[in-house]
Amino acid sequence: MQKSASYVLGHTDQELERLVTQARLIDPITRRFFLGAGLAPGMRVLDVGSGAGDVSFLLAELIGATGEVVGVDRSPIAILTANTRKASRALANVSFVEGDPAELKFERPFDAVAGRYVLMFQPDPAAMLHRLATHLRPGGVLAFHELDWNGARSHPAVPTYDQSCEWIVKTLAQSGADPRLGAKLAAIMNAAGLPAANLHLESLASAGPDGAELATFTADLTRALLPEMQRLGIATAEEVGIDTLAARIRGEMIASTATIIGRAEIGAWARNQV
């Protein structure tokens, strides 16, 4: 993932492992967004903020052996992890480059520029998109998957889940990120000089005794943000009780036969007209 002054999750081994788990749940949604954006075999694609490589590997499946994916991230640790994982997959058409994707120079233009959970960490996402569009061929597509935490909720109420989501939103916002950027994607693309964006929204949801995935997913993100939560005075380790958090969320779900709904996952794409 693209790192900026407000990027709070870091690139520790634990965080990179969390990203791999996240990919298992979120990749099907991202895949549908990218297919809707028109990504297809034979394309050359730039993956912005490639992190541990999950989006690049997903893109490689979509563009096939005749296409090419270039993943870019500013973290050398992330690039090392992505290259290690790539080696085990024997993907000759995927490469990773360390640097700022908006500032780097590439030997030839891309058919698509894509990213997931990147723009929310940028101080000026419209300016970044404007610069990224210069890497596209005429008619190329920018496709981004961002989120809006305003969609996270439970019914009947699952207090521990709702509190965890509130802690996450406050921590992201106070660290300089935008936890509701997904709902702003169309306006941001317009401000970047792109034509009207196409939008799609999905979300995760869990219920019942077997609905543990979203509870665990939320607890894992809470764990990753816990040091910053404590630093900002949003919650203490004792209040969070991270080692039992997922179990408590799941217990409350079962007790009240409740459904928990995750943040809104929003995809937006637009074609470069330059």
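**Entry 1**

I began with Glu68, which is partly exposed at a relative accessible area of 22%. I took buried as under 20% relative accessible area, exposed as over 50% and partly exposed as in between, with a 1.4 Å probe and protein chains only. The model is predicted: local features need pLDDT of at least 70, side-chain atom pairs count only at pLDDT 80 or more, and totals for chains, interfaces and linings use all residues. Residues are numbered from 1 along each chain as its sequence is written, and side-chain values use heavy atoms, with hydrogens and water left out.

I then looked up the salt bridge of Glu68 with Arg108, in which the closest N and O atoms are 3.0 Å apart. A salt bridge here is a side-chain nitrogen of Lys or Arg within 4 Å of a carboxyl oxygen of Asp or Glu. Arg108 lies in the loop between E3 and E4 and Glu68 in strand E2, so the pair ties together parts 40 residues apart in sequence. Helices (H or I, at least four residues) and strands (E, at least two) are DSSP runs, numbered from the N terminus. Arg108 is partly exposed, with a relative accessible area of 43%.

**Entry 2. Other salt bridges**

I noted that the structure holds 15 salt bridges. One of them joins the side chains of Glu61 and Arg31 at 2.6 Å, N to O. Glu61 belongs to helix H2 (residues 54–63) and Arg31 to helix H1 (residues 13–36), and the two are 30 residues apart. Is Glu61 buried or exposed? Glu61 is exposed, at 52% relative accessible area, whereas Arg31 is partly exposed at 29%.

I next looked up Asp243 and Arg223, whose side chains meet at 3.5 Å, N to O. Asp243 is exposed at 68% relative accessible area; Arg223 is partly exposed at 31%. I also recorded a network in which salt bridges with shared partners join Arg44, Glu68, Glu107 and Arg108.

**Entry 3. The sheet**

In which order do the seven strands of the open sheet stand? I read E3-E2-E1-E4-E5-E10-E7, with mixed pairing; two strands pair if DSSP finds at least two bridges between them. Strand E3 (94–98) and strand E7 (198–202) stand at the edges with a single partner strand each, so one side of each has no neighbour in the sheet. Neighbouring strands are turned by 20° against each other on average, direction ignored. Axes are lines fitted to C-alpha atoms, for helices over the stretch in contact, and angles run from 0 to 180 degrees between N-to-C directions.

Strand E2 (residues 68–73) pairs with E3 in the parallel sense over five bridges, and Gly71 stands opposite Phe96 in E3. Helix H3 (residues 76–87) packs on the sheet and touches E2 and E3, with its direction at about 165° to that of E3. Contact means heavy atoms within 4.5 Å. I found helix H4 (residues 125–132) lying across strand E1 (44–48), strand E4 (110–116) and strand E5 (136–148), at about 150° to E5.

**Entry 4. The nonpolar core**

I looked up the largest nonpolar core, which has 84 residues; Leu39, Leu129 and Trp149 are among those with the most contacts inside it. Its largest share, eight residues, comes from H7. A nonpolar core is a set of buried Ala, Val, Leu, Ile, Met, Phe, Trp, Tyr and Cys residues joined through side-chain atoms within 4.5 Å. Leaving out residues up to four places away in sequence, Leu39 touches Phe34, Val45, Leu59, Ala112 and Val141.
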